[in-house]
Amino acid sequence: MQNKDNRNRMWTVVLLYILGLEKCQAAEAVPQLTGNSTQMYYSTLRIDESVIGNSEILSFSVGDVDLDVSKPNNSTTCSTESAGKRCSCAPGHSWTEEVCQSHRCCGNGECILQMGSAPVCLPDTTVSITGSIKLKDQRNQECETHSSDLLREIKGVFSTLRGFDTWEISEPSPEGIVDFEMTLPLGVSPDDLTEKSQYLVYCLGGSLDLQTIGLVHSDMPNDTVCYDTAVTLNCRSQVNLPTQPLWYQRKRHGLISITTGTIFTVDVLGPAETSVTFRSLSAFVTGEYECVHQQTSNSFKISHISSGHVDVALLPDIDVFTEPQFPRCEKNSDVLRVKAICEIRNSTEDYIVTWQGGNIEEPSSFHLNGSEVYTAEQNVGCVQDSQTGSTELTCTFKNSCNQERSASVPINIIYEGEDYCEAEGEWPDTKAGFTANLKCHDMAGLRRRKCHLNATWGEAVSLCVNFELNSVLGNAVIIDSGLGEVKDNVAEVSFELKNLTNNTGRINSYANMNVSVQVLNILGGKLQTISNETTADNLLDSSSSLLDRSLEKSWTTRITEGNASLPETYLRTVEHLTDRVNITHVRKKPNLEVSACEPTAICESSVFNINISLKSLGKGKVKTIAFKQLEKYLPHSERRESEPNSAVVSVRTTKENNRQIKITIDFPLIHPRRQNFELTCVSWDFSSSQWSSRGCRWEGPSNEARCTCSHLSSFSILLSKYPAEVPLLSEITYVGLSVSVISLILALLIEAVIWKDVIKTNALYLRHIANINISLCLLVADCCFLASSKPRYITEMWCRTLTVLKHFFYLSMFFWMFSLSCALLHQTVFVFHTLSKKNYLLFSIFVGYACPLIIVLGSFVASKNGAKDVYFLAETCWLVYAGLMQGSFYTFVIPMGVILFANNLSIVIVILKLLSHHTGENSGGKKEKMAAKTIIRTVMILSPVLGVTWIFGFAVMSLDITSGTVTFVIHYVFVLLNSSQGFFLLLTTCFWDQMSREALMRRLKKTGTNGSFSSSNTNTKTTVNLNSINK
């Protein structure tokens, strides 16, 4: 405006936009399209201000063209000043993009311009359209004959839109794509735009993608919004559009849809209006947002877009520490210089950083490897309670909203005389009872190492997490935030996790394993169903990869007392994930298999060769999951007593029911069950975080790999590390052996006392020599047995030594019994042939000691020089039984069995000889009674000496303790007879033998005659001759 005082008139500069009609353009280019082609013209007029609003028509000439303007409106008003022109846009108008970029005048605010410039304000109804056409080889023949100029044809179609202004179009690309832009200051009708698009696609036979800006408007915050507050964005259209608007956030890789979730809430306020509310503002929501109405068909897509930026005043995550971590005073008079460091990730926020905590000096800041580092220094004294410096420093970050976040770090001084751990490698001097922290190299997190109160270093603990895996965890947390569809977010997270876990070398630490399980756990907790097959497969792949053998150390490394729950969390997580996956067939992974069966009376499935049969009347689908390696990692409170001996298998149903069920599981055993070692069927109890045998039963040694349970859970089999024990059997054994040891010592003493009185003949001499050696071998063997009664408290060397001694002396005992049996057999068959004392003695010594020595030495050498678990078992301090005809145990059993067979044969022959001797002396019932007495007396006398009672050992060896009552009875009989063998030897060799008894009585009384105890019956000679061999 100019002042009337200068020219006595009021003038205004009016920028006019003129709609010119060019009928020929449209008609010539596209005759079938109705409507005229239009073109906007711009003119600057200097007119009287009173004309605006009062004139219906303005007529003027431009060159040779006469123009009439109806209803002129003011768009831009300028007034002249000394600095130039002060211009502003009329209501409902805004500066053009050109003015916004060149003069920094945007929106509808005032702008200072040069005198010669001609600024332009356009109506707010201006619509900008960008688009691309993908052409096909064949065009519609009806259109092609009217124009050979493709670009002119495209412009001709869109120029029929009212208010057609600027136009730019590119030449077709090699792929047949034409890009174009246009501006419509007067707005556009969606129906008109759709009509023109349909016609253009019809003519060109390709596909069209249009985007409009200006039809849809959104209310975006003009200023930065504050952290952790709520904000609402509104979106509305100028005209009614056929679709509801959608919200998107623009990322580097494209647009991400916004739906209602934990952070975003989308509300439909009307047919042409919608809003999105951010419930908690953080760096996550900062960015560009678009509100979009989309019209789509088979051949074209039109998107009406409004966009804006949301900028959040952030608050940082602060890592704070000191250098040095633990300042050390060498003398009380020292004053130490300590630097406090606060570190944050690089941020667009311009923080104001302040320090508190004493006499802060030299605060500074710098950038380092993607981080902003702020430092301050302070002097601290070395006298406790010194006021030289504060014991805590605090850094405070203030954002543009004056919101603050602080972090403090204590200054832990090692005073003179205090205990500390000396620096070791990267680890600095650390005060006793404190923990040193170091940043991870190229990973997120910290490394920690405890300095114990006794000033010794603990183990270093790594909490370092792979950056990519840490990012996956962050993405998993926000999958249901509303940014993006949940199913799409889950698919992306599962794909990234699969790629990371497939490379086990990148996750081979406890911290990485923990984060991986957390990701799976979050997904399982946030999802109701997983219908996408690829997503389900990715999750199962990741779950399987975590059980890879190469990661065993990562599972078993303990960082805190709570770490034992990681395998349990993994188990629960995979079960929940599997509940949400639609299993239609067996899914096989290297360390994980999942199968399902429809509800029937009997549901049968097999995973990793584990056969499961479920009998139930329930209606839910049954899902079975088998895990390899997991049995090693789940906590087991009785690990000293037993160990897992099968894979873990989980049986679940999609519908809970209280009906009685019966699950039969046949497990492939990891280690073969040795005889007498008990298996326990267990299920995992999440309430106690332990294995529990409640509700499960082992089917016994006859079906040793089968468990039967009455509930759903995760199942496994535990193998006892020690053989099962018959109740009170150990006590009976120890009592019997103690009595035997005492009896054997007494028997040897009696033999020494009566020796000269009982060796009257060669047969008697040889018999007593055999008795003494049998008793001596049994005595040493029983003492070794007692010494090894508690194997777990014996060193491996002593266990091996005691095993060798028992092996040798028990064998030696049997070979001396065999020697005695041979003598008995010879004396019985050849009554009138006298044995040579010397020859028999040499034979007996060779058989009694040389033969067992050869067997024991050969077995020892063949078993890798007495190797543990090859020659002997540390759990029993006895020979190894490794199956049928396998193991060092058979070097004892086979010789014993042969000798017992020979000895029993000898007893049978003796019994037959005695029976034939009594034939004819008695008749009828008296004869049968005498024969029975003879058999009983012979068996009772000869059995202990010839080891016949050891026959029960074969029954014990062939029967499993875990079989039940019958086995218990046989074990009791065997133990009673054989642990008391020394006592029976005392009875049979000393007290039941007439000659030994008489000799002992004479020694005790020191009186009597040779015939005072002679027998008077006619059978004395024959009985004595037999006794001279057997007793």
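Is the crossing of H14 and H22 left-handed or right-handed? The crossing is left-handed, a label used when the near helix is turned anticlockwise from the far one by less than a right angle. The model is predicted, and local features need pLDDT of at least 70, side-chain atom pairs count only at pLDDT 80 or more, and totals for chains, interfaces and linings use all residues. Residues are numbered from 1 along each chain as its sequence is written, and side-chain values use heavy atoms, with hydrogens and water left out.

The axes of H14 and H22 (residues 981-991) come within 7 Å and cross at roughly 25°. Therefore H14 is roughly parallel to H22 (angles under 35 degrees). Axes here are lines fitted to C-alpha atoms over the stretch in contact, with angles from 0 to 180 degrees between N-to-C directions.

Contact means heavy atoms within 4.5 Å. From H14, the contact includes Val739, Leu746 and Ile750. H22 brings residues including Phe983, Leu986 and Phe991. The contact residues divide into 10 nonpolar, four polar and no charged. Nonpolar covers Ala, Val, Leu, Ile, Met, Phe, Trp, Tyr, Cys and Pro; charged covers Asp, Glu, Lys and Arg; the others, Gly among them, are polar.

Two loops deserve a look. The peptide bond from Glu323 to Pro324 is cis, with omega near -5°. Pro324 sits in the loop between E24 (319-323) and E25 (335-345). Asp442 is not glycine, but its phi is positive, near 55°. Asp442 lies in the loop between E33 (435-439) and E34 (446-451).

Methods
Helices (H or I, at least four residues) and strands (E, at least two) are DSSP runs, numbered from the N terminus. Angles under 35 degrees count as roughly parallel, over 145 as roughly antiparallel, 65 to 115 as roughly perpendicular and the rest as oblique.
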